[in-house]
Amino acid sequence: MDVVNQLVAQGQFTVLKQPLGFIKILQWIFAIFAFSTCGSYSGMLKMSVECKNRSESDLGIEVEFEYPFRLHQVYFDAPTCKGGKPERVFLVGDYSSSAEFFVTIGVFTFLYSMAALSVYCFLLEKYRENAKGCKIDFVVSAVFAFMWLVSSCAWAKGLSDVKTATDPEKVITFIEACDEQENRCREVYDPKVSGLNTSVAFGFINLILWIGNLWFVFKETGWMAAFSGTYVPSQEKQPAPESFDQGGYAQQDPYAGSQGGYQPEYGQQGGYTEEGGYSQGYEQQPTSYSNQM
């Protein structure tokens, strides 16, 4: 009891109130409904064969069948109405593959949901560490969603075939005595397949739950932030530079002189002086003529 109390004390059961944990509980419950309604089914149909010779008639022929619906192994004895031994008649069809596949997916879903709930409650920090656990959970959830789609569709088709193969009106056609017009054959009891119809409905409900669960697990992986982050640079507006020096080049304003005057820079030492003369930056010697008159 101490170990149980410690686990309960360390558990983070608030996650069960969040969509990530709550939908996992629904998956666990509906997985039980799906495989139990299919795997525990047993049905019966009943017919009557009334021969011309009433002493040979059999008015209560019962045919029982059950999961996994290997109907080709199900048989019953019917009168021949000819005074001989009863003939053995077999049903037609083997629909075990789709039924067993459906039940197997339900069982594995039950086990995985229970394991995932344990991780959510007791190992949530490790589950979210580096998003490794979240990514594994997302991949497994995607696989289960696809498997529920395949198994539910396959079992829906298999159930339709089971209904056809166990229809008393069709089974009567397998009895040779019913081919004679003087003999009367009729159905007495149809098999009830409401439980099997419910199993198909639970299968598609599980499909919806697992597809919806993908979104909540995807939010835990961190992939959404990575995808949205790729568009951030294009959405952000670059700030305007405060000066031209921040743009990678330096450009002086030729009009920003200390005295407000125009100060061209030509790389020479000349300039305009206050005396009204123009200095070109080099000394100009007066021309002298050395020729003597």
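A residue counts as buried when its relative accessible area is under 20%. I start there because one residue in this predicted model is judged by that cut-off: Ser 96, at 8% relative accessibility, is therefore buried.

Where is Ser 96 found? Ser 96 lies in helix H3. Leaving aside residues up to four places away in sequence, Ser 96 touches Pro 68, Phe 69 and Arg 70.

Now the chain as a whole. The protein chain has 293 residues, and buried ones make up 31% of them. Nine helices and seven strands are present in the chain. The accessible surface comes to about 19,600 Å², and carbon and sulfur atoms account for 56% of that surface. As for contacts, take those between residues at least 6 apart in sequence: 69% of them join residues at least 24 apart.

Back to helix H3, which spans residues 96-122. Its partner here is helix H2, residues 19-39. The axes of the two helices come within 8 Å, and they cross at roughly 150°. Angles over 145 degrees count as roughly antiparallel, so H2 is roughly antiparallel to H3. The crossing of H2 past H3 is left-handed.

What kinds of residues form the contact of H2 with H3? They divide into 18 nonpolar, six polar and one charged.

To recap the two items on H3: Ser 96, in this helix, is buried at 8% relative accessibility, and H3 is passed by H2 in a left-handed crossing.

Notes:
Residues are numbered from 1 along each chain as its sequence is written. This is a predicted model: local features need pLDDT of at least 70, side-chain atom pairs count only at pLDDT 80 or more; totals for chains, interfaces and linings use all residues. Side-chain values use heavy atoms; hydrogens and water are left out. Axes are lines fitted to C-alpha atoms, for helices over the stretch in contact, and angles run from 0 to 180 degrees between N-to-C directions. Helices (H or I, at least four residues) and strands (E, at least two) are DSSP runs, numbered from the N terminus. Angles under 35 degrees count as roughly parallel, over 145 as roughly antiparallel, 65 to 115 as roughly perpendicular and the rest as oblique. A crossing is left-handed if the near helix is turned anticlockwise from the far one by less than a right angle, and right-handed if clockwise. Ala, Val, Leu, Ile, Met, Phe, Trp, Tyr, Cys and Pro count as nonpolar, Asp, Glu, Lys and Arg as charged, and the others, Gly among them, as polar. Buried means under 20% relative accessible area, exposed over 50%, partly exposed in between (1.4 Å probe, protein chains only). Contact means heavy atoms within 4.5 Å. Accessible areas come from the Shrake-Rupley method with a 1.4 Å probe; for residues, only the protein chains shown count as cover.
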